[in-house]
Amino acid sequence: MIRVVTAQVFRDELAKDKKGQRAIDAFVDAIQQYVDEDEDDRSVSELMDWAYLESWLLTFEQATKLALKAKTLDECHGILKRASARGQKGRPSTKRVPAIKALVYQKELGWTWPKLRDRFCPCGKAKHDSSCQDSLRAEVVMLKRLLKKYGVSFP
Ligand SMILES: [Zn+2]
């Protein structure tokens, strides 16, 4: 079941969450809601890819919820396998999850690009630069395009 929170409560939770995990949870919920309303396989799987690529970020509860929506056994296996990899050491970070966080923090808390970059850039350098910012921005643009394409209202 999707937890309903007011916009202000959501913003407070984001502000308190240093790692931005709350933003990812909200994203997964939004996709979940969309899946409930739309049975089109292709659109769902493309959106799911965004949520699953870094699926170690999914809790078992979220993974179970999503696995129940799987249309094939293979898809179901894939989801559960990814959830069990949660917290694996040395797993490289992609730019997708940071993009989700950046999008949410920009929209909800009005963070600037330098602030978003310093908090969420996954490059691992001691000091983030303008190329970090550019690639984060580019990824956010792609994410926005995908959400718009499928009419998912998020954040
Ligand atoms: Zn960086």
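Guide: We start with the overall fold, then turn to a helix and its neighbours.

Visitor: What should I know before I start?

Guide: This is a predicted model: local features need pLDDT of at least 70, side-chain atom pairs count only at pLDDT 80 or more, and totals for chains, interfaces and linings use all residues. Residues are numbered from 1 along each chain, as its sequence is written.

Visitor: How many helices and strands are there in the protein chain?

Guide: The chain has 8 helices and 0 strands. Helices (H or I, at least four residues) and strands (E, at least two) are DSSP runs, numbered from the N terminus.

Visitor: What is the average pLDDT?

Guide: The chain averages 79, and 73% of the residues score at least 70. pLDDT is the predictor's confidence in each residue, from 0 to 100.

Visitor: Which helix has the lowest mean, and which the highest?

Guide: Helix α3 (residues 41–52) has the lowest mean pLDDT, 60. Helix α7 (residues 113–120) has the highest, 96. Over residues 86–93 the pLDDT is below 50. Beyond near neighbours in sequence, that stretch has 6 contacts in the model. Two residues are in contact if their C-beta atoms, placed from the backbone, lie within 7 Å.

Visitor: New topic. How much of the chain is buried?

Guide: Of its 155 residues, 25% count as buried. Buried means 20 or more other C-beta atoms within 10 Å of the residue's own; 12 or fewer is exposed, and in between is partly exposed, with C-beta atoms placed from the backbone.

Visitor: Which residues touch the most others in the largest nonpolar core?

Guide: A23, F27, I100, A102, V104 and L136, out of 20 residues in that core. The elements giving two or more residues to it are α2 (21–37), α6, α7 and α8. Helix α6 gives the most, with 7 residues. A nonpolar core is a set of buried Ala, Val, Leu, Ile, Met, Phe, Trp, Tyr and Cys residues joined through C-beta atoms within 7 Å.

Visitor: What does A23 contact?

Guide: Leaving aside neighbours within four places in sequence, A23 contacts L14, I100, K101, V104 and Y105.

Visitor: Back to α6. What span should its 14 residues have?

Guide: Helix α6 (residues 96–109) should span 20 Å at 1.5 Å a residue. The expected span is 1.5 Å times one less than the number of residues. Its end C-alpha atoms are 20 Å apart, so the two agree.

Visitor: Which residues of α6 are buried?

Guide: V97, P98, A99, I100, K101, A102, L103, V104 and Y105. L103 counts as buried because it has 22 C-beta neighbours inside 10 Å.

Visitor: What is L103 in contact with?

Guide: Apart from neighbours within four places in sequence, L103 contacts V140, L143, K144 and P155.

Visitor: Where is P155, and what bond joins it to F154?

Guide: P155 lies in the segment after α8 (130–149). A cis peptide bond joins F154 and P155, with omega about -5°. Most peptide bonds are trans.

Visitor: At what angle do α6 and α8 pack?

Guide: About 80°, with their axes 9 Å apart. That makes α6 roughly perpendicular to α8. Axes are lines fitted to C-alpha atoms, for helices over the stretch in contact, and angles run from 0 to 180 degrees between N-to-C directions. Under 35 degrees counts as roughly parallel, over 145 as roughly antiparallel, 65 to 115 as roughly perpendicular and the rest as oblique.
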